[in-house]
Amino acid sequence: MATEIVHNKKRHIDESESADDTEILTKNQRLIEKSELDFIQFLLCPQDLTTSLDVITDDPIPNIVPIFNFCSQEQDTTNCSGSTSMVAGSFYIPKTNEEKPLGEDAHFICAEEQIIGVADGVGGWAKKGIDSGKYSRELMENAESSIQKQKQQDKSSTADIDLMKVLNEAFLNTKAMGSSTACMLSLANDTLHAVNVGDSGFVVIRDGVIVYKSEIQQSRFNCPFQLGNSKNSNDPSVAEKISFPVKAGDIIVMGTDGLFDNVHDFELELVVNNGVDSWESDAPHTLAWRIAQYALENSKNTELYTPFARECSKAGFEQRGGKYDDITVIVAHIWPL
């Protein structure tokens, strides 16, 4: 059975609390929490967080070419509920693989319906000759179809779109071999509603600080919960249901593990803050591009103390540097109506 969870990364929040009483991490708390990593990370990571990375290089990982660069344009907000709307853009950098040029990630942005989603095909299927990217892409396509179906059934508002129903219908209609993580998020009545399976996820950044981060779901280290048609895969009943209140000015960063395995929370805060302070990064897709490039640079570095290296150490494995993977980033700005 899916669990209803409304919580902060560091502490649980009682559902009876109002949005004004919701406890969030202050800037001072965040500075204390990241102090242990700062000394190591700032010695190793690039100093200029806003420098553009040439993604076509002669490095050992060559010809990395982004294949998605989408930004939602002017949208009809007449059906938006509450006092805010969500404007999103994305950037996707697949791993270099001539046999799988589309990579294994997939995502969508339904601008008018105020819903975004990502999926990450599980790479282990490649050992059996199966491209799990086909599963993740079909899953996201079916999710979009389910959203449109629900929208037609309730023409007055997008607030009633049930993401668990969307996930269930997408899962049942996806017939490709393989398996995938999945994370979908909607904005309705100034509240984010999300369903999450596996290690894709999202953060909410407010006043430059991460105030919420979704939790990873995994059966063991590096083995996330995953939707699929095999007997060893999960179904949507394991999905975590999340609600979190937002306000105008908040920034949502959603991504696959190619982002979160390679970028610490405090690094993500710095990249976002540098981006929103720059006139050229006001657009969500531009900020998504900056974040994806930063994650890519970290993934190719063999010396960095990355989140993946940290989790490897906790699991008893020796690992230095980043984890080269497909990288999907969706950035959504919460704007006042």
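**Figure 1. Strand E6 and its partner in E12, Gly 228.** Strand E12 covers residues 227–228 and pairs with E6 in the antiparallel sense over two bridges. Two strands are said to pair if DSSP finds at least two bridges between them. Helices (H or I, at least four residues) and strands (E, at least two) are DSSP runs, numbered from the N terminus. Residues are numbered from 1 along each chain as its sequence is written. Because the model is predicted, local features need pLDDT of at least 70, side-chain atom pairs count only at pLDDT 80 or more, and totals for chains, interfaces and linings use all residues, while side-chain values use heavy atoms, with hydrogens and water left out.

**Figure 2. The two faces of strand E6.** E6 spans residues 179–188, and ten of its ten residues are buried. A residue is called buried under 20% relative accessible area, exposed over 50%, and partly exposed in between (1.4 Å probe, protein chains only). In a regular strand the side chains alternate between the two faces of the sheet. One side of E6 carries Ser 179, Thr 181, Cys 183, Leu 185 and Leu 187, the other Ser 180, Ala 182, Met 184, Ser 186 and Ala 188, and all of these are buried.

**Figure 3. Strands E5 and E7 beside E6.** Seven bridges join E6 to E5 (residues 115–121) in the antiparallel sense, with Gly 121 opposite Ser 180. E6 also pairs with E7 (residues 191–197), again antiparallel and over seven bridges; here Leu 187 stands opposite Leu 192.

**Figure 4. Asn 189 in the turn between E6 and E7.** The two strands form a hairpin with two residues between them. Asn 189 lies in the loop between E6 and E7. Its phi is positive, about 55°, although Asn 189 is not a glycine. With a relative accessible area of 49%, Asn 189 is partly exposed.

Figure 5. Asn 222 is not a glycine, yet has a positive phi of about 65°. Asn 222 counts as partly exposed, at 41% relative accessibility.

**Figure 6. The second largest pocket.** About 630 Å³ of space lies in the second largest pocket. Of its 27 lining residues, Val 122, Gly 123, Gly 124, Trp 125 and Gln 226 are the closest to its centre. E5, E6 and E11 (223–224) each supply at least two residues of the lining. By class, the lining has five nonpolar, twelve polar and ten charged residues. Ala, Val, Leu, Ile, Met, Phe, Trp, Tyr, Cys and Pro count as nonpolar, Asp, Glu, Lys and Arg as charged, and the others, Gly among them, as polar. A pocket is an open set of points on a 1 Å grid over the protein atoms alone, where a 1.4 Å probe fits, with protein on both sides within 12 Å along at least five of seven lines; lining residues have an atom within 4 Å of a point. Grid points are joined across faces, edges and corners, and the volume is the space filled by probe spheres set on the points.

**Figure 7. Strand E14 and its two partners.** E14 (residues 251–255) has five of its five residues buried. Ile 251, Val 253 and Gly 255 are on one side, Ile 252 and Met 254 on the other. E14 pairs in the antiparallel sense with E8 (residues 201–206) over five bridges, and Gly 201 stands opposite Gly 255. Five bridges also join E14 to E15 (residues 327–336), running antiparallel; in E15, His 333 is the bridge partner of Ile 251.

Figure 8. Lys 95 is in the loop between E3 (84–93) and E4 (105–110), and is partly exposed at a relative accessible area of 27%. Not counting residues up to four places away in sequence, Lys 95 touches Glu 104, Tyr 324, Asp 325 and Asp 326, where contact means heavy atoms within 4.5 Å. Glu 169, in helix H3 (residues 163–173), is buried with a relative accessible area of 17%. Leaving aside its neighbours within four places in sequence, Glu 169 is in contact with Ser 146 and Lys 149.
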